[in-house]
Amino acid sequence: MRLKHTGWVGISTDPEAFEAFYRRHVEAVTRFMARRVDDPHTVADLVAEVFVAVLDSAHTYRPGLGSEIGWLYGVARNTLSAERRRTASELRLTGRISGRRLLDADDLLRLEERLDAESPARRAFAAMADLPESERAVLELVVVDQLSIPEAATALGIRQGTARVRLYRARRALRHVPGVISPTVMEGLR
């Protein structure tokens, strides 16, 4: 039994039309998937995904180009292909991390200590977020990355004098933020 062209529009909006379509084709789609996938849970998920895709793409069916089941198998093939791509991607990612060891208690303790030690830097980055990009870039390179002013100027492609002015402005803007810039860094701003 084929749906009339106007009936296809209805299966995405009319629950009864969709149910009739589903009942007519669920066994065929299940067989299609079961021939290609050996896990019953995956088959059930894929069959459900096919019918969700049908709801989204019912408007693309053209009766003159083939039967309902042919179109439906095309949707099923696309769904299966997407699942295989996703699975392959998961396997690649799993392979990339499979040689890595899990963190033990000592590793976690060291990381927590490092996080605690770096909390002033995180506060500084948060405070620097409000600075203009040009001033923030110089400040990051000099204060956080420990470059000299000439090195920072070279990295940014600006003159040393420009870098000094931007650094002064950035330090001045942050001088009242507690715990961000130490008094030794603020020397020269007075």
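User: Hi, I'm new here! What does "buried" mean for a residue?
Analyst: A residue counts as buried when its relative accessible area is under 20%, and as exposed when that area is over 50%. Residues in between are called partly exposed. One thing to keep in mind as we go: this is a predicted model.

User: Great. Take E83, then: buried or exposed?
Analyst: E83 is buried, because its relative accessible area is 13%, and the cut-off is under 20%.

User: Where is E83, and which residues does E83 touch?
Analyst: E83 belongs to helix α4, which covers residues 68–97. Setting aside residues up to four places away in sequence, E83 touches T42 and L46. The side chain of E83 also has a polar contact of 2.6 Å with the side chain of R86.

User: Let's zoom out. How many helices and strands are there in the chain?
Analyst: The protein chain has 10 helices and zero strands. Reading along the sequence gives the pattern α-α-α-α-α-α-α-α-α-α.

User: And how much of the chain is buried?
Analyst: Of the 190 residues in the protein chain, 28% are buried. The accessible surface of the chain is about 12,900 Å², and carbon and sulfur atoms account for 55% of that surface.

User: What share of the contacts comes from residues 24 or more positions apart?
Analyst: Taking the contacts in the chain with a separation of 6 or more, 51% are between residues 24 or more positions apart.

User: New topic: how many aromatic pairs are there in the structure?
Analyst: A search of the whole structure turns up six aromatic pairs. One of them joins F18 and Y22: the ring centres are 6.3 Å apart and the planes are at 35°, so this pair is tilted.

User: Where do F18 and Y22 lie?
Analyst: Both are in helix α2, residues 15–34. F18 and Y22 are four residues apart, which is about one turn of the helix.

User: And why does F18 count as buried? What about Y22?
Analyst: F18 counts as buried because its relative accessibility is 18%. Y22 is partly exposed, with a relative accessible area of 34%.

User: What kind of aromatic pair do F21 and F51 form?
Analyst: F21 and F51 make an edge-to-face pair, with 6.2 Å from centre to centre and 75° between the planes. This pair links distant parts of the chain: F21 is in helix α2 and F51 is in helix α3 (residues 40–57), 30 residues apart. F21 and F51 are both buried.

User: Which residues form one aromatic cluster?
Analyst: F18, F21, Y22 and F51 form one aromatic cluster.

User: What sits over the ring of F32?
Analyst: That is the charged end of R36, placed 3.8 Å from the centre of the F32 ring.

User: Back to helix α2. Is M33 buried or exposed, and what does M33 touch?
Analyst: M33, which is in helix α2, is buried, with a relative accessible area of 0%. Not counting residues up to four places away in sequence, M33 touches V43, L46, V47, V50, A76 and L80. M33 and V50 are 17 residues apart in sequence, and their C-alpha atoms are 10.0 Å apart in space.

User: What about A170: where is A170 found, and what is A170 in contact with?
Analyst: A170 is found in helix α9, residues 160–174. A170 is buried, with a relative accessible area of 0%. Apart from neighbours within four places in sequence, A170 is in contact with L131, E135 and L139. The C-alpha atoms of A170 and E135 are separated by 5.5 Å, although the two residues are 35 residues apart along the chain.

User: Another one: R136. Buried or exposed?
Analyst: R136 is buried, with a relative accessible area of 18%. Its place is in helix α7, residues 133–144. Leaving aside neighbours within four places in sequence, R136 is in contact with M128, A129 and L131.

User: What should I do where pLDDT is low?
Analyst: Where pLDDT is low, the predicted coordinates should not be read in detail.

Key
Residues are numbered from 1 along each chain as its sequence is written. This is a predicted model: local features need pLDDT of at least 70, side-chain atom pairs count only at pLDDT 80 or more; totals for chains, interfaces and linings use all residues. Side-chain values use heavy atoms; hydrogens and water are left out. Rings of Phe, Tyr and Trp (its six-membered ring) pair if their centres lie within 6.5 Å; planes under 30 degrees apart count as stacked, over 60 as edge-to-face and the rest as tilted. Helices (H or I, at least four residues) and strands (E, at least two) are DSSP runs, numbered from the N terminus. Buried means under 20% relative accessible area, exposed over 50%, partly exposed in between (1.4 Å probe, protein chains only). A charge sits over a ring if NZ of Lys or CZ of Arg is within 6 Å of the ring centre and within 35 degrees of the ring normal. A polar contact is a pair of N or O atoms within 3.5 Å; within protein, one must be able to donate a hydrogen and the other to accept it, and residues adjacent in sequence count only if both atoms are side-chain atoms. Contact means heavy atoms within 4.5 Å. Accessible areas come from the Shrake-Rupley method with a 1.4 Å probe; for residues, only the protein chains shown count as cover.
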